[in-house]
Each structure stands twice: as C-alpha cells, then as structure tokens.
Amino acid sequence: MSFFVGFFSALWAGVKQIFKHRYTLRYPEQKLDMLMVNNQKSGGYEFDAKKQVGTAGFKGRHILYMDKCTGCSLCAIACEGIADCIDMVKVDKTFVQNKKSQFPQIDYGRCVFCGFCVDACPFDCLFMTPFYELATTDKRSFVYTPEMLSQYPQLKGEYKFMPDEKSGAHHG
Amino acid sequence: MEVVDQEGRTLTFSIGPQHPGSGHFRLIVKVDGDFIVDVKPDPGYVHRGAEKMCEERTYIQNIPHLERPVIFDSSGILFPYVLAVEELLGVQAPPRAQYIRIIMAELNRIISHLYWLAIYGIFLGHSTMFMWPMGDRELFIDLAEAIGGTRVTFSYFVPGGVRNDLPPEFKERALKTCAYFEKRLKEYDRIFFSNPMFLKRTQDIGVLKREDAIRLGVTGPNLRASGISSDTRKDEPYSSYQTIKWDIPVRKEGDCYARAMVRFQELFDSMSIIRQALDLIPEGSVKIAMRGQIKGKVGESFARTEAARGTMFYHIISDGATHPYRVKISVPSFRSLCAMPFLLKGNHLADMPAIYWGLDYWPVEADK
Amino acid sequence: MSQSIEKEELLLSSIKDKFGDKVSELYVNPKRIKILVDRENILNVATFVRDLGFNQVISAGGTDFPKEDSFVVDYHLISVDHEDLKRIIFNLSTKFPKNEPKTPTLMEVWPSAEYHEQETFEMLGIIFEGHPRMERLLLPEDWNDIPPLRKEFKLPSRLVEHGSS
Amino acid sequence: MDTFEEFLKRVITIAFWLLLLGPVIVLPIILLVLPQFGVPVEVANRFLIALINPLEMLQFIDSLGIGPSSLFFKIAAFPGFTFAALFATLMILYERKLLAKMQNRVGPLYAGRFEGILQPIAELFKLIFKELLTPEKADKPFFWAVPFLAIAVGGAFLALIPLSPEIYIAKSEIGLVIIFAILSFTPLIVLTAGWASANKFSFIGGLRALHQLVSYEIPLILSTIGVVMLSGSLDLMKIVQAQASMWFILPQFIGACVFFVTMIAELERIPFDLPEADSELVAGWYTEYSGMHFGALQLANYIKLYGFSALFTILFLGGWNGPATLPPVAWLFIKMFVVISFILVLRGTNTRIRIDQLIKLGWVYLVPLAFANLFIALAVASLGIA
C-alpha cells in the first residue's frame, strides 16, 4: 500500500510545480544585475595594494587606469604561470610615470579570470569590472589592447535587468 | 550473485569515454546476458599532469591549476593545499578568514552535492530530478559568486587567508536562500528520495559492507554510508571547525540508497554549518599581508580536509625555493576506483549507472 | 597550540621496541608521525602498523631526489574507526637508490594501495614487486618518453617559451 | 560566408518567383501535355478552376473518388494517418511543454511567435535535412525497412479505432482481436532494428525490448477480456454502446489499471523505457538511426500513444458517451486528453525500473490481477449490474 502512497505523492509533488514560477532567466532579454555589488569604482573585484586585501566583486573584464600604470609588468609575471595571457605592449602616447610607455595587453582567449594580476599590481591601476559579454567570432579579436582596456565596458543590445528577486536565478 | 566467466557467453564492450553514462572515463565491461561479469576501469582520458605542473609554478600560480580537477567543488579541493602551504610558511590564517573558508567550503559542498544529485537523477531516468537541482544550484552559485567573484573557480583561498572580505549584507541573503532551499528539499524528498521507483533502483544494490569499505580505501560519504562515522572535519578539525556543532550522517546499509541519503542529509548539515559560521564569525582582517614571492621553509607538510567527495590530501615537499619541489595530490575519486570493480561485478547491467554514479566518481578529478 | 603528543610517542615506542633499529624515526609532531623504513622489512612494519589501527592508506606517492640519487616512496595512513587515532596521519616512507627502483608492494596489507602504486610506477618508473598490474594507467598508450615525474623530464612548453629562465 | 538573414532572403525570393511565374508558364504546358496522356480536356479545366476556388476543389476531388466520404480520404486524412500524425506532433509539443512546466523551466519558446508553437514543425524540417547514416556493417535492407514497418504498424493500428458512431475507418465484428494481432508485430520490428544496426548497445536494447513487449502482451489482452465479457462483443462500437449507463472503469477498475500499466510498457515510456535507457545503453535499439529514420520512429511511437489512449478511452471510459451538449467526438478527445496527460506526467516523476523487476512485475503481479479481474467481471455480469 505504501507503494501507491509514495507513488502518488511523488506525482503530486511534480504536478504542483506547474503552478510555481519558472527558473529560466531569458538571457538576451533579461540579464543578471552583476553591477555595483558593493559600489566600488570599477564595479568589480578590486585589490588594495597597501592593505594587501581585496574587495568582493564580480571578476569580469579588466579595466586599466593608464594614468597610474608604470609599466612594471608585475601583472605579466604573475600571470605567466597561470594563463600567460598578459603581454606588455608599447603605446604611442607618452606618460610621465611610464617611461617605457609599455602597458599590459590581455588576451581573453587564454585568461581564466582568476584576478591574480589585480593582486600583483602595486599601483592599484588594474581592476576588474562586472562585464562578462566577451564572446567574439574570431580569436584575434580576443586580444584587448591597453586603450580598449581603459574604456569602461557597456552591456550591448536592449535588455532589462533581472527586474526583481522573483524571476531568474535570484528566486527564493 | 556469483557469475562465472564461461568462454563464449560473454560480450565485452566499453562504456567508454564517449558515453552518456560515464563521462570522460572508460569502463571495459564484460557482460554475460544481463549480468556484469568483469569490469576494468580505464581512467586517464583527461590527465593533465597536475603534479608535474605544480613543480614549475610558484605557490600562488598553482592555485588556479589546483582548482581545475573538480571545478564545482573548487574551494573543497583547494583547502588542503592552502593549509599545507601555510604549515610550510609557519603562518596561521586569521580567525575571520577561517570562518569565511568554512562558509565557502560548505557552499561548494552543497553545489557539488546538487550537481551529483542532478546527474544521479538523469542516470536513473528521472529527468525532473535533473532539472530541479540544476535550477536550485544557481542559488548557491550566486552566493559563492558574491564572495568569490566568479561562478565556479573562485581562486579565493590563498596562503595566509582569503583574498577579500564578505560583501555587504551577505548574511541576510544567505539565510534567505537557506530558508527557501530547506522548503525545497522537502519536495526533493517526496519526488525522488522516497519515491518507490527510486527505492527499487537503489536499495540493497552495490552493497559495500563495513570491512570492505575500509579494506577498499573508500572515503567520504561512501564510507559514512557503510556505517563508519569518519569525517575529517570532526576527526582532525581544521580552520576552526571544532567550534561548530553538527552530527555526521551515518547509515548502516552501505547500498546506493544509503550513499544517496547520506549526501541528502549532508545538504541540511552544510546549511546549518553555514548558519552557525555566519553567527560565530568575528571581525578583523581576512589576510596576512605577504608581499612578493612566497618561499616555504625547507621540509615537507601534509594536510587533509573533507571535500564533497571524500578526504582530499596534499603532501608538499619544499626546498626553500619559490616553486614547490614536489606536490602529491590524493583525490577521493581516485580511491573509489578500487571499489568500483568490486561493487559492479555480479550486478545487472542496468544497475551500472546507479552504482557507478552512487560512488560520486568524477573522472577529471581521478585523472588529475 | 601545543597539543599533547604522548599518544604519538606511545605509538612510536611500540613500533621501536618491536623493530628496534630497522625503523628510524624522522619526526613526531602533534597529529603527524613520520618513520623511515628500508625496503626489506617494510612489509612487516606495514602489517604491524595496520594492526595498530591505521586501516586505510589515503595516499601512496613517490618522489625523485636526483641530488641524493634516490627515490622516496611515502605511504600516508589514517585510522578510520579508532577514536584516539583518528586525528593522526602516519607517514611510512622508504628510500632506495635510483639505479634499482624496486620496492615490495603493500597491496596485501592495504588493497586500496593498488591504483596508487600503479600510478607511482607509471609516473616514476618504480616497480612494485608482487603488484598484479604494473602497466600504464593514466598516460596515453603511445607514451614513449621517460616517466614524467622524474626531475630530468622537462615540460616541453616551459623550455620553448622561456629558454633557460 | 553569408549570415542566416541573407540565406532566408534568397529562399524567399526564389519562392516568390516560382509562385509568380508558375501559373503563367507551367499551367498552359499542363493543359497542352495532359490531353496527350488521354486526360479529357474538361477534367484539366476543372482542375484549373478548382485551384482557384476551394469549393470547386471539393467537388473535383469527389468526382475523382477521393472525397471526404471515400475510403481513401478516411484512411489518408481524417480519422486515419495524417490526422494521427498531426495529433502526434501536437502531443510532442504538449509533452515537452508539460514536462518543462513540471521542472520549473519554460520548454520550447522561440520557434513560432507564441510560446514555441511551431517547434514540432521546426524539428520535422531539422530531421528531414539531417543525413541518414547507415552503419557500415549494418544489415542494410532490414536497417532501412524498420522505420517504415514501425509507421505501418502504428498506422494500421488506428484503422480499427472508431472515433464516433459515424467517424470510423473499418467496422468489424472482431475489431479488438485485429488490433492485438497488429500490435504483436512490434517485438519483431524492435528485434530487427536491434540486430540490423550492428551495434552492441542496440542489440542489448533490442533484446530487452523483445522481453518487455512479448511478456506484456499477455496481461494487455487478458485485461480486456473482462470488458468483452461485460459488453458481450468484440466490436468496439458495441463496447462503447454497452457503457452508456456505466463506464467499464468502475466495475473493471483492476482491469483498467492492468491495461494502463501494460499500455505504458508497450509504449516504452518512462517507468518502463528499458530499451531506450540512455544512461547505460546510449539510446537502446534506435541508437544508430538518424535523420528522418529517427523522425519516423518517434512519429510511430507517438501515433501508438494516440492509438493506445484512444483504445483505453473506448474500452474503459465509455468512448464518446457524454451529455449531448458536445458532439460525441469532442467527448472522446476530452477523455483522451486526460489519459494522455496522465501518461505524460508519469514521465516527469518516475525513474526507470530494471528489466528483471519489469518482468517480475509483469508475470507475478499483472497476470494474476488480470485473471482476478475476469472473476470480478463474471460476478458483475451475473449480478447484472453493468
């Protein structure tokens, strides 16, 4: 007899879900609100070189503040053993604090978004933004030059942020 | 059920690397009619040489690599590496960092158990039990992402503490999620765990008695399901686990159903651990400031923690350089390789998925 | 936090008076014991340690020390059900010269060491006498290079990019 | 490499020119060519007029002898194969949406403007354009024959199921026996598929399906004997008329349960989908079928689901008996909708059971229950309730 009780209670547990709300986040129209998790300047993961501690944030595409970067290539050395995706690249503009005017260029085809380059930067000029839409059609356009890295990224296409707690993965 | 391998009656085929039922791993199965006569596991399809890679990289550069074997339990398997390196450096993580590590490890345990539960559902033909855990997993991935920054491989633990503090109002969000999920788990129980069809497929199948479990070197939930209450968090409390009170789920039968129920109960325990950790967490720094390259003292250290699948163990030998001299990684799935042929022999072919995935064997982790 | 290590001392003394000089004690820390045994009598030391209560081997790995021209094989043992031994990791290690890389297998004592020893054979070329399957486990079938975990095996990718850095 | 839009633009322009130039060029050619083949001119004229005026089309078809009342139309179109195929595609969509809703997800969404309504058609096109792979060592003639045999059995099975007193294809005194005779072909088809595709997994899947289908035909037939005893005839029409006062599910509840369980086993659906057990046998006996072969097998599967649910409603739920507010056919479809929903819901909440448990369930539980059902039917008939 307990077979039927168990069987039909399982059936009812399944059918009951028809009236509950859906999990699915309809990506192109709805996007998760990763921005400004805790209102830092770059919106994503940051690391304070003096206190040697980071602030929680989404590890998305990097943002490079070229006015502070001295081209010391510590980030390239840090990334060497992990994904080896940062190369120091000459930039035609001249900067006072960067005599060799060389800046990090990140190849997102290899980057694993671990953020150890941000930890390694002694001048707080490489942070991460909550931007995650990096898909491209050819591998060459994965390489972001320092100029591209210094513009703050915008989410593309018309979309509305995941409006409230109810829908999408933020349910419950 | 003793099945003898008579000549000419058996059909050998490989539940191979390209098979929905095995993941990137091959089981060479000899079948006589519907009964499995002999099984030879053949791992190695996703071997990356993690141990050789560790010798070429500094202690910090190793962290993203050592998370790769089990990406959905990345904190769980990175934990012993960080503890072993701290032993080499002779430092101790600050108390707040220890509690944050507990929270991250338990979040990852829930994520890993839900991933196991989803695949276990689809292996037994229960497609709803694939979709629900995959949907609810997103809740905990969001929580871990708020702390660690990414969805799966957080690279969040570093020797000396954790890389950043908890985000603001993380506690309310975590408690809300846990409350919601505990209601959901009652539905899981009704549709899957006490579903008579599930009981038919898992009860007294692949029975691993107590002394066999010890003899074959199985650890983690598989061991606790055979009546031995051995959990590294209780046996050798690390990272202030001793201040947290919960009782280890132990079951006597040792069959697939017991293994499933132990993991199901661990979901509840992990949530109660997270709640206790959130209450007990002290204020203070989360990381010991360490500039430049880390150099370990000459010598060796080994550490073990309780990852979702079992005891994770690291043995690091250092000769004082910035690179470790040798890192020996011992993963729980590699140890259940030994139990697999023992359990599968003599069973029906249709029981293979229930037993194989009941051991929570993850090919990528076993190959390292 | 200085933890009492008299439990570990007790264990060590029981081993010492059973085997005397055959066992040399490397260190005893809280929750960690490491002893060095040479190849000939590792088998009976292992059975003795298992009867002490360490009934599971969680890891058996080898290391190559070209400077001392020797291999070291470490067995890490834990006790699963003895309350007082649960927190201890017992490290049984043995050292032997590189030119004859042979050591008896401990599969009779702990059956679960089978795959660990097979992996160590494949990665370092140490032959475990008495092991039923001394063959390839993880490496691809067509692996014709020297065992990869030996120090003289250099990862090709590292040489190409960084020269002698 | 042009994008999808350009490809679509080119297809539409070609279609446009064909539609524009077609009647202007092609039709006169037809008019010149047809008389040579001995087709009288005025028939060709009526065909042309019928092309424009749909009413005219009806008479034209009637005159050719394939009108709505003709047997060909009944077999090919309404109660017959095309209707069942359309109903099957609708059922595929309904199942995927229902299953999705039960799993907190949304189901097919983007095919067709309104919630993925065109998903089955999109899938049909996809399957048509997929390549038909034949394994190199396969037994080619049998390998190719199986999809058509499967559809043939599925289709033939429908011929004997009346949808309402007027809508039926074949009316015969022993309709039920013929249905079961047709159904006994399925194990043969499944075994040939398993053997012909020269793949170990499908061979084991084929054997399992053979065990399942053969051992479940006995309880299937036994459970309907009670109904035949109560209604006193093998003709489905009379069975439905006999249920005017009381549906047979009440006196024959055990028979109805046995029939329902064996029906799911015959259809190889979730609690019993051993042959297609994708976790250990990849996809059972239709592993090697791709493209339209796989489409044909799926279509046959869903046509059998349509046929079986119609049979269940006729045998146990009083077919088209219902208050006169709705036409009889509508009542049949409402009851069928309920039965189908219950079968599809089972897929969402159950795991697969093992082959030996399945056979044990069949022989140890279902066959004795079916026999017990006979005695209940005897008691009910003698007491004169039904």
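Helices (H or I, at least four residues) and strands (E, at least two) are DSSP runs, numbered from the N terminus. The model is predicted: local features need pLDDT of at least 70, side-chain atom pairs count only at pLDDT 80 or more, and totals for chains, interfaces and linings use all residues. Residues are numbered from 1 along each chain as its sequence is written, while chains are lettered from A and ligands numbered from 1 in the order in which they are written.

In chain D, helix H5 (residues 81–102) packs against helix H13 (residues 292–316). Their axes lie 9 Å apart, at an angle of about 95°. Axes are lines fitted to C-alpha atoms, for helices over the stretch in contact, and angles run from 0 to 180 degrees between N-to-C directions. H5(D) is therefore roughly perpendicular to H13(D) (65 to 115 degrees). From H5(D), the contact includes Phe87(D), Met91(D) and Ile92(D); from H13(D), Leu299(D), Tyr302(D) and Tyr306(D) are among the residues met. Contact requires C-beta atoms, placed from the backbone, within 7 Å. The residues of this contact divide into 11 nonpolar, no polar and no charged. Nonpolar covers Ala, Val, Leu, Ile, Met, Phe, Trp, Tyr, Cys and Pro; Asp, Glu, Lys and Arg count as charged, and the others, Gly among them, as polar.

Chain B holds an open sheet of 3 strands, ordered S6-S7-S8, with antiparallel pairing. Strands S6 (299–306) and S8 (326–330) of chain B stand at the edges, each with a single partner strand, so one side of each lacks a neighbour in the sheet. Strand S7 (residues 311–318) of chain B pairs with S8(B) over 5 bridges; pairing takes at least two bridges found by DSSP. His315(B) stands opposite Lys328(B) in S8(B).

Definitions and conventions. Angles under 35 degrees count as roughly parallel, over 145 as roughly antiparallel, 65 to 115 as roughly perpendicular and the rest as oblique. Two residues are in contact if their C-beta atoms, placed from the backbone, lie within 7 Å.
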